[in-house]
Amino acid sequence: MSSTHGYHAVSLMRGFLGAGYGPVAVAGRTFTAPLVDPLHRDGWTLDDREHPAATTLATLDWGDGRSGLYDFTDNQWHNQLRLRRILVRGSRGEIQDDSVVRLTGPRTIVRSTLVRSQLGHDLNLDGHDTEHLSFDGEVVWRNPFLGLRLMDEEIAIATLLRAAARWAAGDGPPPYPLAQACQDHLLSLALDEAVRTGRPVRTERQPWAAG
């Protein structure tokens, strides 16, 4: 996982792996190297000089065949000189960003791609919007806010807010239960401690897991 940081990255790892609330062994360290930092939250820096940037590498081991590798560089959210990379490995194949390779039968390994249907490109005149995602010719996700021209993060936020409203009204499950948030933050703190001390950290099952 080289995409986002802290409990955000941990949440994605746990979601991809279907990891629960059991003990986790965490180890990590940082490395510093020069990097140009052309973009911050406020926009372009107009600074093409190299500055020291720390990269944090850490491993999270759930001990049941599930593990995660955390890779994050300072300001990676905004510094477009660092590409996002997400790799999900399983026993019968793996997903690398938008590419999928898998075993489908005896002596048969196939490759497929997750395809984004983006309106407004080339001769498409239906407005600039994400329409859907498809896999092997089948739509696997549709934009629930088509027509509002939201960016990906805004679609995610709106989806979460709508699910939270339904939960508050008693019309659905909690979209991100407190127990899940506590577990993600616990592992994020353990990651920080492992990096700070240079020693492995082991988390144990916590009271919120009972819920």
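Predicted model: local features only at pLDDT ≥ 70, side-chain atom pairs only at ≥ 80, totals over all residues.

Me: How many helices and strands are in the chain, and what makes a run count as one?

Reply: The chain has 3 helices and 12 strands. Both are DSSP runs numbered from the N terminus: helices are H or I with at least four residues, strands are E with at least two. The C-alpha atoms fill a box of roughly 55 × 50 × 50 Å along the principal axes. The accessible surface comes to about 14,200 Å², with 54% belonging to carbon and sulfur atoms; such areas come from the Shrake-Rupley method with a 1.4 Å probe, and for residues only the protein chains shown count as cover.

Me: What span is expected of helix H2, and what span does H2 reach?

Reply: The expected span is 1.5 Å times one less than the number of residues. Helix H2 (residues 152-168) has 17 residues and reaches 24 Å from its first C-alpha to its last, close to the expected 24 Å. Helix H3 (residues 178-197), with 20 residues, reaches 28 Å, close to the 28 Å expected.

Me: Which residues of H3 are buried, and what covers them?

Reply: Among the buried residues of H3 are Ala179, Leu186, Leu187, Ala190, Leu191 and Ala194. Their cover includes helix H1 (6-17) and strands S1 (24-36), S4 (50-61), S5 (67-73) and S12 (201-203). In the chain, buried residues make up 29% of the 211 residues.

Me: Why is Ser112 called buried?

Reply: Buried means under 20% relative accessible area, exposed means over 50%, and partly exposed lies in between (1.4 Å probe, protein chains only). Ser112 has a relative accessible area of 9%, so Ser112 is buried. This serine lies in strand S9 (residues 108-119).

Me: What makes the pairing of Ser112 with Arg102 a polar contact?

Reply: A polar contact is a pair of N or O atoms within 3.5 Å; within protein, one must be able to donate a hydrogen and the other to accept it, and residues adjacent in sequence count only if both atoms are side-chain atoms. The side chains of Ser112 and Arg102 are joined at 2.9 Å, and those of Ser112 and Asp136 are also joined at 2.9 Å. Not counting residues up to four places away in sequence, Ser112 touches Asp98, Ser99, Val100, Arg102, Phe135 and Asp136, contact meaning heavy atoms within 4.5 Å.

Me: How do you know that Asp71 and Arg85 form a salt bridge?

Reply: A salt bridge needs a side-chain nitrogen of Lys or Arg within 4 Å of a carboxyl oxygen of Asp or Glu. For Asp71 and Arg85 the closest N and O atoms are 3.2 Å apart, and the pair forms a salt bridge. Asp71 lies in strand S5 and Arg85 in the loop between S5 and strand S6 (87-90), so the pair ties together parts 14 residues apart in sequence. Asp71 is buried at 18%, whereas Arg85, at 41%, is partly exposed.

Me: What makes the phi angles of Asp97 and Asp122 worth noting?

Reply: Asp97 has a positive phi of about 55 degrees although it is not a glycine, and phi of Asp122 is near 55 degrees, also positive in a residue other than glycine. Asp97 is found in the loop between strand S7 (93-96) and strand S8 (99-105), and Asp122 in the loop between S9 and strand S10 (129-135). At 28%, Asp97 is partly exposed; at 75%, Asp122 counts as exposed.

Conventions. Residues numbered from 1 in each chain as written. Heavy atoms only, no water.
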